[in-house]
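I opened a new page for this chain.

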Amino acid sequence: MKLKFAALLLSSVAVTATANDFNLGLNDDVLSTEIGFDLNKQSNLVMGYIYSDDEGHALSAAHISHDAGIHHFEIGPKFTHYWANNSSNGGAVAVGGRYSIDLGSNVAFKTSAYYAPSVLSFGSLDGQYEIDSKVQFQLNPALGLFVGYRNIRLQYDDSRNNTFDTGFYIGGSATF
């Protein structure tokens, strides 16, 4: 069911946009992927999937983007649904965004932060926050390597709060 939902969502976006970015990150316990689509000059859609050995699965989608020289901003809502192994399932519509700056010499710093209060959370989820930072080195215009740190924390109505993912990761990105 989850796979069918993801394929349907992805195929509906593919009709109006073509993928232009793909990221793959991993550490000992977590595999994360993102695929980005430019919808028009000022907006994009980023769909992500995280698999955690310990915690379960998460599927997300976000953004509106703006470029100002070496600065790149993306703001907007991010819908995420969690299928947790050790906690109840739930979802949230977080608000936040991404920021990246080109540091020169093919190096960029990228960060993101999202927060969902209880009013924007559903199922057993009572809130969620996520922070992510990484340093990326562009090998060429189409291929980059990165190292980063991510922390995703879930808050629940009637059970103990849960850290869905925390730690360092490595990965690569491809631009089409």
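My entries follow in the order I looked things up.

**Entry 1: fold.** I noted at the start that this is a predicted model. I then read the order from the N terminus: α-β-β-β-β-β-β-β-β-β-β-β. I also checked burial. Of the 176 residues in the protein chain, 40% are buried.

**Entry 2: aromatic pairs.** How many aromatic pairs does the count come to? I got five aromatic pairs. I took one of them, Phe146 with Tyr169, for a closer look. The ring centres of Phe146 and Tyr169 are 6.0 Å apart, and their planes stand at 75 degrees. Planes over 60 degrees apart count as edge-to-face, so I logged Phe146 and Tyr169 as an edge-to-face pair. Next I placed both residues in the chain. Phe146 belongs to strand β10 (residues 143-156), while Tyr169 belongs to strand β11 (residues 162-175). They are 23 residues apart, and the pair links distant parts of the chain. Are Phe146 and Tyr169 buried or exposed? I found both of them buried.

**Entry 3: surface charge.** Which residues form the negative surface patch? I wrote down Asp28, Asp29, Asp53 and Asp54. I followed up on Asp53. I located Asp53 in the loop between β3 (43-52) and β4 (56-68). Its relative accessible area is 43%.

How values were computed:
Residues numbered from 1 in each chain as written. Predicted model: local features only at pLDDT ≥ 70, side-chain atom pairs only at ≥ 80, totals over all residues. Heavy atoms only, no water. Patch = residues over 30% accessible without salt bridge, like charges linked within 9 Å, V, L, I, M, F, W, Y side chains within 5 Å. Areas by Shrake-Rupley, 256 points an atom, 1.4 Å probe, with all protein chains shown as cover. Salt bridge = Lys/Arg side-chain N within 4 Å of Asp/Glu carboxyl O. Lys, Arg positive; Asp, Glu negative; His and termini not counted. Charge placed at Lys NZ, Arg CZ, Asp CG, Glu CD. Helix = DSSP H or I, 4+ residues; strand = E, 2+ residues; numbered from the N terminus. Buried < 20%, exposed > 50% of the residue type's maximum accessible area, 1.4 Å probe, protein only. Phe/Tyr/Trp six-rings, centres within 6.5 Å; stacked < 30°, edge-to-face > 60°.
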